[in-house]
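Student: Could you walk me through this one, starting with the charges and then going on to the fold?

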Amino acid sequence: MDIKYVSTTCPYCGTGCGFNLVVRNGKVFDVAHWQRAPVNGGKLCPKGRYAHEFIKSPDRLTKPLIKKDGEFVEATWAEAYDLIAEKFRSYKPAEMACLSSARASNEENYLMQKFARVALKTPHVDHCARLCHSSTVAGLAAVFGSGAMTNSIMDIADSRCIFVLGSNTFEQHPLIARSIVRARQSGAKVIVADPRNTPTARQADLYMPFVSGTDVAVLNGLMQEIIRNGWEDKEFIARRTKDFGKLKEAVMKDAYSLDNVSKTTGIPVESLRTAAEWIAKAEAAALIYSMGITQHTTGVDNVKSTANLMMLTGNLGRPGTGVNPLRGQNNVQGACDMGCLPNVYSGYQKVNDEAARKKMIDAWGVEDIAEGRVGYTVTEMINILADNPGELKAMYIMGENPMLSDPDLRHVEEALKNLEFLVVQDIFLTETAELADVVLPAACYAEKDGTQTNTERRVQRWKKAQQAPGEAKEDWQIICDLGAKMGYPEQFAFKGPEEIFNEVAAVTPSYHGMSYARLDPDGLHWPCPTAEHPGTPILHREKFAMPDGLGVFSPIEWKPPAEVPDAEYPYVLTTGRVIWQWHTGTMTRRSWSLEKEAPTGWIEINTEDARELGILDNEVVRASTRRGSIDILARVTPEIIRGVMFIPFHYKECAANLLTHNALDPVARIPEYKACAVKVEKIAEV
Ligand code: SF4
């Protein structure tokens, strides 16, 4: 029997754990611990432990499919490519849009934005970072000049005080939670603010339950208390920042006194006071956040507020400090780095900067790449398709499932059905693929080489362990084939992922010093500007990435969510994930060890709220918002604050996103998944 171990990186969350795929006679059959994996040292959460199961699902796509008379029929690759090229050639560039994938490799994401800009010449390329952390990218770039996690995962263990806000780290990033545990074991204080008493909250020294959507009020209140007591880091503020006066004017308002913040947020005054003191007086304090901060119409404001707090207390540029957004999907950081955003090329080089555009024209050897203007975000694409049919006519979606992941799903379905031509490339026939005209079968993470960039900016290798099933192809190969078919054989003449990565490194300043040889076995943190550079686990040590090197304080006022409870819809609905499932469930729901643990969704209702509504634990109730209704199991619990309800968003049979609101942050265009108005009713017995 031929058995080998192939070390690779987990395809689920942004932690970037390493493990071994165990391959028997050419087929992956198990996951084994890789003891010296750089991020996780051999430990895995359940999703990583069972990351081999979905690979062998009988549902895997194995042949191209073309829809004829409303039914999919199997086709050859040549037929599929001919049809796609013919259709794409029939549209004007701005009538087409591409969605790339935070699940695919850096190389594939780089190629997708290159395909959009070179072969289709459209500026409209985006991906699901829009839905999770676009407010991080915009907010932190505005404050620090770089929109990424400032410190490393290991570094969290060196913190003396960790403030977790809007992140259920123990369930969503379990191997990052280990660093929190280590810090706490060595005496660090842990503060958690969350509407739910999550497994993360239960580890806290100070748990602050609060009303979803009041984050800026919490942060401004803490900052007022710190300034009132003179606990701010005056030396850091003077040397490393600007506009402190503007911040002070905003946060010292009466609205942010602890009494008023307590009324707005529901957090007791004494808890706020304690949190302010712990953060300000800690030798090194770190702030960790995730989508509880970003997925709001005030997402950018929320992110900037977290940065304000950490600059105010001098907690940047040192071990154990920092503003640490935990990215959701395995390669959402990389997909952003690769320029799968409508405003930037790889390395965040702006498309409307003439010098950057000229650089890409020279690198790609094509004069007429997409015009140098900012294209549409995915949320704008959906709205345009729904509201202005005909402006966008064709889409090419790689490895994304907006039919479950986007807010207000009825609106999304209506939008996608207005497309004249939709190509979906994926490993399964997702809810989105079902709407496609052509479906292209892709290889999964275990079936290709490549790299991905985790939440701490560490670029790591994927290694091929088995062949893709049937005729499925690696995403990079499909894009290269289509690029050649569209008339750009030289621009897409790559023999493999390493050649693509070399082009990435050549055109992307923060990746300049990276190569496959250097990435083995521990990866490198960007920025890594030269071949000798060791990488940068901690950003902003001496100065921020701004032209003058200074961090910028932002005066931020708290604004309520776009939709607040009223007499008709009297509760706040918030959404999130569970440890056993992953995003739209495409992979985890086909993993039997995971699916059996959490086989369907539920709505969490506070015990007192349930009593008033006459709802019992485990009964099926109807949850409704202005967008729609779902029937769903009630989970009655004291572990959620009164007035707030929670639904995990993985389950198509009770899809939370049929209810969520597509109101957008005005800067990042991220939807407000984390707060809308909902009502819950008993279902009349028949
Ligand atoms: Fe995979 Fe994230 Fe779990 Fe690590 S913590 S094993 S990266 S899902």
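Student: How far apart do the centres of the positive and negative side chains lie in the chain?
Tutor: The chain carries 77 positive and 87 negative side chains. Lys and Arg count as positive and Asp and Glu as negative, with His and the chain ends not counted. Each charge is placed at NZ of Lys, CZ of Arg, CG of Asp or CD of Glu. The centres of the two sets are separated by 4 Å.

Student: Before we go on, what should I know about the model and its numbering?
Tutor: This is a predicted model, so local features need pLDDT of at least 70 and side-chain atom pairs count only at pLDDT 80 or more, while totals for chains, interfaces and linings use all residues. Residues are numbered from 1 along each chain as its sequence is written, and side-chain values use heavy atoms, with hydrogens and water left out.

Student: What radius of gyration does the chain have?
Tutor: The C-alpha atoms fill a box of roughly 70 × 70 × 55 Å along the principal axes. The radius of gyration is taken over C-alpha atoms, and the globule rule is 2.2 Å times the number of residues to the power 0.38. For 686 residues that rule puts a compact globule near 26 Å, and the chain agrees with 24 Å.

Student: In what order do the strands of the seven-stranded open sheet run?
Tutor: Helices (H or I, at least four residues) and strands (E, at least two) are DSSP runs numbered from the N terminus, and the chain has 24 helices and 28 strands. Two strands pair if DSSP finds at least two bridges between them. In this sheet the pairing is mixed, and the order is 5-4-18-17-16-6-7.

Student: Which residue in strand 5 stands opposite Lys67?
Tutor: Strand 4 (residues 65-68) pairs with strand 5 in the antiparallel sense over four bridges. Opposite Lys67 stands Phe72.

Student: In strand 18, which residue is the bridge partner of Val424?
Tutor: Strand 18 (residues 438-441) has both faces covered: Val438 and Leu440 on one side, Val439 and Pro441 on the other, all buried. Strand 4 pairs with strand 18 in the antiparallel sense over two bridges, and there Ile66 stands opposite Val438. Strand 17 (residues 421-426) runs parallel to strand 18, joined by four bridges. The bridge partner of Val424 is Val439.

Student: And in strand 20, which residue is the bridge partner of Gly450?
Tutor: This takes us to an open sheet of three strands, in the order 19-20-21 with antiparallel pairing. Its edge strands are strand 19 (450-453) and strand 21, each pairing on one side only. Strand 19 and strand 20 (residues 458-462) share four bridges. Gly450 has as its partner Trp462.

Student: Is Asp475 buried or exposed?
Tutor: Asp475 is in helix 20 (residues 475-485). Leaving out residues up to four places away in sequence, Asp475 touches Glu108, Met398, Gln425, Ala442, Ala443 and Lys448. Its relative accessibility is 5%, so Asp475 counts as buried.

Student: What is omega for the peptide bond from Trp526 to Pro527?
Tutor: There's a cis bond joining Asp520 and Pro521, where omega is about -5°. Pro527 sits in the loop between strand 21 and strand 22 (551-552). The bond from Trp526 to Pro527 is cis as well, with omega near 0°.

Student: What phi does Asn25 have?
Tutor: Asn25 lies in the loop between strand 2 (18-24) and strand 3 (27-33). At 52% relative accessibility, Asn25 counts as exposed. Its phi is positive in a residue other than glycine, near 50°.

Terms used:
Buried means under 20% relative accessible area, exposed over 50%, partly exposed in between (1.4 Å probe, protein chains only). Contact means heavy atoms within 4.5 Å.
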